[in-house]
Amino acid sequence: MTRTIAAHTGKATSLMAVPMLDERKKSISCGGGSGHSIACGKESTAGAMSQRACVFCGARVVLNPITDAFHIIHGPIGCSSYTWDIRGSLTSGNDLFRHSFCTDMNDMDVVFGGEKKLARAIDQAVSTHHPKVIFVYATCIAGVIGDDVESVCKAAEQRHQIRCIPVQAPGFSGHKAQGYRLAGDAIMALIGTRPFPRAKAHGINILGDFNLAGEQWIVKNYLKSLGIDVVTGITGDSNCAELMQAPQAQLNVVQCAGSMIALARRMEADLNIPYIKVSFYGIEDTSTSLVHIAQALGNPDIVDRTKRFCQFQINQLKPIVKRYKSQLSGKKAAIFVGGGFKAISLIKQFRELGIQTVMVGTQTGSAEDYDVIRSLVHDDCVVLDDATATELEKFMTERGADILVGGVKERPLAYKLGVAFCDHNHERKHPLAGYVGVRNFAEEINASINSPVWAYV
Amino acid sequence: MLDATPRDSVMERKGLVSNPCKTCQPVGAIYAALGVHGVMPHSHGSQGCVAFHRMFLTRHFKEPAMASTSAFTEGASVFGGGANLKTAVKNIFDIYNPEVIAVHTTCLSETIGDDLHSFISALELPKGKRVIYCNTPSYVGSHVTGFSSMAAGFVNHLAEKSNETTGKLFVIPGFVNPGDMREMKLYLDAFDIDYTMMPDTTDVMDAPMTGNFELFPKGGTPLAEVKRLGDAAHTIALGEWASEPCANALKRKHDVNFDVLGLPIGLAGTDAYVMALSKFSAKPVPREIDNLRGRLVDSMLDVHQYLSAKRVAIAGDPDTVLGLLQFVLECGMIPAYVGTGTPGGNFEAKVDTILEKYGVAQDDCWRKSETDYFELHQRIIQNPVDLLLGPSLWKQIAKAEDIPLVRCGFPILDRYIHPLIPIVGYSGALHLLQMIADTLMDRQDALCEDQDLEFVM
């Protein structure tokens with residue numbers, strides 16, 4: 001029989017002091033092998049203050065970084081305005097994706113249908129902006145009022161001879177992870193399913209990096225110096241032409257597995273491209289990932305070169321990490337991020353700095369992710385899926401966290417509790433990936449935990 | 001930046017909003033509900049909506065924004081959201097235990113025809129607890145009308161009338177920051193007026209640091225005062241768009257008379273507010289307020305030559321924009337473009353009335369409601385301005401055209417402290433004046449020849 005968290009941590013009274021929904025208890029466990037496994041991937045509970053966004057948001061954040069695509073939201077204005085330039089993805093070329101385009105459905109459209117308005121919007125987009133591809137996101141009510149978005153898109157493709165891909169993403173049709181799958185389907189619709197002849201296979205695709213703060217450029221530079229070509233990022237700093245080349249890659253490397261594993265599997269099945277999971281956060285995972293990529297490509301010279309490169313970078317970082325470790329050792333961290341892979345890397349990264357993780361949550365982690373997380377953390381560490389604001393508060397306070405790593409909604413919550421904060425989401429201040437990211441991360445963690453302001457709280 | 005904006009001429013557009021100057025009603029409804037103490041704002045729709053709204057409010061206020069959701073599923077969107085609301089209400093009272101749940105609708109629940117009145121009537125509520133609602137379909141109005149609908153919702157559902165008047169003045173502050181509300185209260189206190197302000201987000205969205213997180217911070221209009229609004233002596237509604245519907249609701253329900261004023265922005269705007277308070281209290285203007293005014297006029301004279309005939313573009317919410325328009329005219333600046341995304345309310349005619357008052361020809365000022373930043377950008381390219389005034393959504397245009405931006409209004413997503421510093425009242429005008437003058441003079445210093453750089457200006 002599985003032991004309850006309360007019995008396991010010996011904090012029965014405090015844990016149960018604040019009422020918690022029974023449904024939520026299944027999604028909260030603790031580290032080590034003895035807690036129960038985590039219920040995840042479910043719809044949020046009605047009435048709970050979920051920190052998690054919807055299907056549309058999932059699709060939009062994955063596709064948004066395609067720099068020369070035209071993203072039209074077919075729905076009321078909110079869906080569009082909340083996702084205007086939302087990601088902090090950097091571009092080396094076109095900036096069309098940084099606009100917010102919307103059909104701005106009004107009450108008349110709801111009564112009489114929005115198909116004509118959508119068709120006009122597409123025509124307008126083509127005549128003004130000449131995009132190579134248009135993604136049309138149908139949000140909550142487009143489908144409910146019976147708009148046939150697929151037909152409108154198909155007709156537009158014929159009319160304009162460009163790709164016009166519908167993304168049917170009503171918010172109620174699941175949660176954010178469902179949107180990731182829809183985005184993957186849209187990418188497959190764009191790049192086609194004809195396998196590239198394997199003999200010509202060359203280079204890799206980087207899946208699930210969105211070039212936040214230019215992180216993909218850092219990784220690409222590493223790979224370039226090792227002699228590994230990158231065909232395209234999916235979707236960080238990508239464009240339509242590069243994406244169309246994706247089928248010729250020899251290997252897919254998947255960073256944010258939560259958002260991209262479904263696409264990687266489809267590309268393996270349909271295009272015969274194998275994949276490996278990677279993470280470029282922290283010394284350990286960055287090094288392991290680079291070596292794994294080299295090994296997967298099968299060139300012993302490159303493997304050797306990669307190992308030497310990593311060792312060189314690690315040696316460079318050692319004194320820096322040591323310096324920060326002296327200032328951070330013994331502190332406690334709480335983690336609440338989108339996907340499982342990042343949580344896993346962060347636990348290791350904190351360990352490198354002498355910081356113990358006392359709470360880990362994700363919005364869309366998978367059962368496997370949670371198994372890995374629970375094997376990495378201490379027995380007292382709380383592990384939870386789709387946490388609510390009050391749960392975050394409760395466990396951070398109980399476990400005495402000194403810093404929280406999270407996204408925009410969590411920042412002021414942490415500050416209110418007197419807990420330091422690092423944004424590892426869309427609002428990160430500088431790149432946190434690769435070896436340079438290790439340095440930035442340590443600097444930021446230190447700046448927040450050891451800020452003189454805490455003395456006045 | 002914004003390479004896709006046509007530079008040759010202003011393009012006619014049909015059916016495509018680009019870079020919106022508004023967002024949807026529910027976010028305003030949540031902001032208004034946060035301004036009553038002990039209330040849980042609740043979004044009756046998909047879970048993504050509330051995640052976006054909380055993120056958006058947090059990005060502006062840099063504070064936690066608490067709200068719950070009915071978390072619609074496929075089933076709810078087919079069979080109606082009654083069951084979801086029932087579960088949500090039970091869960092919310094069980095876990096978060098607010099005094100009142102303030103439900104607002106979304107595009108989804110409105111489109112499928114959820115009848116909140118009958119849903120709520122059928123609920124069994126814990127003793128003394130209330131569930132109120134307002135209708136805020138996202139395909140009508142904007143965040144500003146959402147705010148006014150929720151404010152009116154409180155009056156419609158909670159305000160009662162006894163035989164005994166409170167003699168109080170009911171002040172509806174409009175869609176402004178807590179810093180602005182604080183400033184408005186200073187004037188009420190200076191006249192020694194007994195008042196109820198609702199909504200009141202002071203000490204909610206600008207709560208001081210205590211090391212604790214309060215789900216229901218100490219601020220917000222006390223519910224007991226909301227309930228007695230029917231006994232108020234008079235209402236002052238500041239801002240036609242954001243406040244008049246609430247004043248109207250109280251007039252209809254309990255026959256409380258009201259005056260609608262513009263937001264007290266700038267000299268004349270604040271004068272009108274001060275005179276209204278003087279009239280209500282039957283007291284002369286206190287000397288300290290007179291002195292504030294005098295210092296503002298003195299400062300406007302000091303800097304007038306640096307502001308004179310500078311061309312300004314103003315965008316944002318209609319009440320705020322009209323206030324800012326009047327202030328820049330008072331400073332001798334030229335409002336070249338005036339726009340809002342919020343529909344309705346005869347915005348253009350109101351702009352024209354103000355222009356006429358200051359003797360500015362209509363041809364010298366392009367004004368439009370239901371515009372977007374894509375259109376404003378094209379206009380500005382054709383005939384540039386010296387300054388942009390409004391939310392941080394101007395930012396891309398400011399960068400693309402190299403025009404300085406003074407941030408004010410909602411939302412300001414990329415700077416801190418703005419929600420705490422007023423732009424209303426004489427001190428708020430002084431603050432605006434300083435920001436505008438500093439910005440223009442910094443610019444002059446940065447761009448002038450070395451020989452022209454002056455120590456004394």
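1. In chain B, strand 11 (residues 334-340) and strand 12 run parallel and are joined by 3 bridges. Strands pair here if DSSP finds at least two bridges between them. Helices (H or I, at least four residues) and strands (E, at least two) are DSSP runs, numbered from the N terminus. Within this pair, Tyr337(B) stands opposite Trp366(B) of strand 12.

2. The model is predicted: local features need pLDDT of at least 70, side-chain atom pairs count only at pLDDT 80 or more, and totals for chains, interfaces and linings use all residues. Residues are numbered from 1 along each chain as its sequence is written, while chains are lettered from A and ligands numbered from 1 in the order in which they are written.

3. The strands of point 1 belong to an open sheet of 5 strands in chain B, with the order 12-11-10-13-14 and parallel pairing. Its edge strands, each pairing on one side only, are strand 12 (366-368) and strand 14 (405-407) of chain B. Neighbouring strands of this sheet are turned against each other by 20 degrees on average, direction ignored. Axes are lines fitted to C-alpha atoms, for helices over the stretch in contact, and angles run from 0 to 180 degrees between N-to-C directions.

4. Helix 13 (residues 318-330) of chain B packs on this sheet, where it touches strand 10 (311-316), strand 11 and strand 13 (387-390) of chain B. The direction of helix 13 of chain B makes about 165 degrees with that of strand 10 of chain B. Helix 15 (residues 373-382) of chain B also packs on the sheet, touching strand 10, strand 11 and strand 12 of chain B, at about 160 degrees to the direction of strand 11 of chain B. Contact means that the C-beta atoms of two residues, placed from the backbone, lie within 7 Å.

5. Helix 4 (residues 82-95) of chain B has 14 residues and reaches 20 Å from its first C-alpha to its last, close to the 20 Å expected at 1.5 Å a residue. The expected span is 1.5 Å times one less than the number of residues. Buried residues of helix 4 of chain B include Leu85(B), Ala88(B), Val89(B) and Ile92(B). A residue is buried if 20 or more other C-beta atoms lie within 10 Å of its own, exposed if 12 or fewer, and partly exposed in between, with C-beta atoms placed from the backbone. Among the elements covering these residues are strand 2 (39-44), strand 4 (100-105) and helix 6 (116-121) of chain B. Just after helix 4 of chain B, Asn97(B) takes a positive phi of about 55 degrees.

6. Helix 1 (residues 25-34) and helix 2 (residues 47-61) of chain B have axes that come within 10 Å and cross at roughly 60 degrees. The crossing of helix 1 of chain B past helix 2 of chain B is right-handed, that is, the near helix is turned clockwise from the far one by less than a right angle. On the side of helix 1 of chain B, the residues that meet helix 2 of chain B include Ile30(B) and Tyr31(B).

7. In chain A, Leu118(A) is placed in helix 7 (residues 115-129). Leu118(A) counts as buried because 27 other C-beta atoms lie within 10 Å. Leaving aside neighbours within four places in sequence, Leu118(A) is in contact with His74(A), Thr103(A), Val136(A), Val149(A) and Val152(A). The C-alpha atoms of Leu118(A) and Val149(A) are separated by 8.2 Å, at 31 residues apart along the chain.

8. The contact between the chains takes 62 residues from chain A and 60 residues from chain B. Helix 7 of chain A gives the most to the side of chain A that touches chain B, with 7 residues.

9. Some backbone values deserve a check. Most residues other than glycine have a negative phi, and most peptide bonds are trans. A cis peptide bond joins Ile234(A) and Thr235(A), with omega about 10 degrees; Thr235(A) lies in the loop between strand 7 (230-234) and helix 12 (240-244) of chain A. Another cis peptide bond joins Met198(B) and Pro199(B), with omega about -5 degrees.

10. Asp386(A), not a glycine, has a positive phi of about 45 degrees. Asp386(A) is buried, because 28 other C-beta atoms lie within 10 Å. Phi of Ala282(B) is near 55 degrees, also positive; Ala282(B) counts as exposed, with 7 C-beta neighbours inside 10 Å.
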